[in-house]
Amino acid sequence: MSTKQKSLVIPQQFGTLAVQDTDIPVPAAGELLVRVEAAALNPVDWKIQVYGDVAVPMAYPGVLGTDGSGVVVRVGEGVTSLAVGDRVLFQSSYTKRSATFQHYCVVPADLAAKIPSNLSFDEAATIPLACFTAAASLYNDKQPGNGGAGLLPPWKEGGRNKYAGQPIVVIGGASSVGQYAIQFAKLSGFSPIIATASLHNEAYVKSLGASHVIDRNAVLQDAVLEILKEAPKFVFDAIGDPDIQLMGYELVAPGGTLIDALPCMIDQSKLQSDKEYVFIIAGPFMPHAHALGVSFYQHLTQLFESGDLKPSKPEVLPDGLTGVIAGLEKLKNGKVSGVKLVAHPQETQ
């Protein structure tokens with residue numbers, strides 16, 4: 001195997017993306033070297049390029065991309081859970097060794113899962129970041145400033161249907177994170193599950209487990225109270241826009257919780273002592289979410305093989321890594337709805 005590969009490099013902060021030759025990393029103890037067959041795009045990728053560090057600090061020149069699927073081509077010392085030739089999916093950190101917009105990357109073996117036998121590389125690549133973000137938001141321990149809602153995960157003993165009969169509202173049900181929030185809410189037993197979405201996505205959002213879909217342009221509180229008659233204790237906001245955060249927070253019943261995808265941007269004067277606001281920015285490789293990440297990846301394959309979870313719909317971009325650049329522009333301009341953009345790094349020669 002060559003020691004060089006193609007990577008989509010950002011040369012400096014706010015720099016222009018370009019395909020360049022880079023060194024293929026070598027897996028350390030406990031790591032895998034994966035040939036990346038599919039890499040999914042996320043809004044955080046263009047936000048890092050435009051705004052700088054928005055998730056984790058970047059070292060430049062750097063490589064973007066955090067969602068990946070591929071084939072294990074080498075294993076580091078001590079790895080016994082996975083082997084050369086295994087098809088895996090994973091969420092990487094934003095380092096040159098680990099990012100996914102390149103031919104090869106390294107992955108901690110305990111934060112990778114075998115691709116379910118019923119999924120393609122493209123489908124598998126849509127899963128990691130969005131699925132774990134929803135899971136961490138709901139199930140990671142409560143922590144000051146950056147913690148989840150502390151609910152019991154449905155893959156742990158006693159977690160399945162634990163919250164039966166409790167309503168939940170998911171704002172942004174057709175978004176990548178919102179799709180998984182709905183599915184986890186269903187596994188946890190929440191009912192009814194009310195989601196906001198564009199109405200052309202209504203049938204799809206209901207297929208994931210939503211019992212009701214509200215037009216995203218409707219007056220949220222009025223529409224929800226027509227269904228529930230009283231305010232819900234749980235609202236999950238997958239969008240994170242300041243105005244939407246405030247709408248979600250105002251909807252939550254006293255003693256309830258707004259679970260958000262981003263830090264609070266609500267005017268502090270409007271926050272109330274009897275309502276909880278939680279958010280988490282977490283990859284499974286981050287210390288505050290690592291324990292949940294290991295547990296999550298241990299159960300991920302079975303959750304998808306059983307049909308308990310379904311992947312997002314992939315939309316494959318042309319032109320390999322070069323196609324990522326145009327794809328990020330589509331994301332930035334709000335031209336993506338109900339699908340996950342996926343690139344094939346190996347198509348770049």
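Two strands are said to pair if DSSP finds at least two bridges between them. Helices (H or I, at least four residues) and strands (E, at least two) are DSSP runs, numbered from the N terminus. The model described here is predicted, so local features need pLDDT of at least 70 and side-chain atom pairs count only at pLDDT 80 or more, while totals for chains, interfaces and linings use all residues. Residues are numbered from 1 along each chain as its sequence is written, and side-chain values use heavy atoms, with hydrogens and water left out.

Begin with the sheet of three strands. This sheet is open, has the order E2-E1-E4 and is paired in the antiparallel sense. Strand E2 (18-23) and strand E4 (62-63) are its edge strands, each pairing on one side only. Two bridges join E1 to E4, and Val9 has Val63 in E4 as its bridge partner. Helix H9 packs on this sheet and touches E1 and E2; the direction of H9 makes about 10 degrees with that of E1. Here contact means heavy atoms within 4.5 Å, and axes are lines fitted to C-alpha atoms, for helices over the stretch in contact, with angles running from 0 to 180 degrees between N-to-C directions.

The buried residues of H1 (residues 43-51) are Val44, Asp45, Trp46, Ile48 and Gln49. Buried means under 20% relative accessible area, exposed over 50%, and partly exposed in between (1.4 Å probe, protein chains only). After H1 comes Gly52, with a positive phi near 90 degrees.

A second open sheet has six strands in the order E11-E10-E9-E12-E13-E14, with parallel pairing. Strand E11 (212-215) and strand E14 (276-279) are at the edges with a single partner strand each, so one side of each has no neighbour in the sheet. On average, neighbouring strands of this sheet are turned by 20 degrees against each other, direction ignored.

Within this sheet, E9 pairs with E10 over three bridges and with E12 over four. Val169 stands opposite Ile194 in E10 and has Val235 in E12 as its bridge partner. Ile168 stands opposite Phe234 in E12. In a regular strand the side chains alternate between the two faces of the sheet. In E9, Ile168 and Val170 point one way, Val169 and Ile171 point the other way, and all are buried.

What surrounds these strands? The largest nonpolar core has 54 residues, of which Cys131, Phe184, Phe296 and Leu300 touch the most other members. A nonpolar core is a set of buried Ala, Val, Leu, Ile, Met, Phe, Trp, Tyr and Cys residues joined through side-chain atoms within 4.5 Å. H3 gives the most, with eight residues. Not counting residues up to four places away in sequence, Phe296 touches Cys131, Phe132, Ala135, Trp155 and Phe184. Another core, of 35 residues, lies apart from this one and includes Val79, Leu82, Phe101 and Val107.

Finally, His344 is found in the segment after strand E16 (339-343). His344 has 18% relative accessibility and therefore counts as buried. Leaving aside neighbours within four places in sequence, the residues in contact with His344 are Glu37, Ala38, Asp122, Val316, Gly320 and Leu321.
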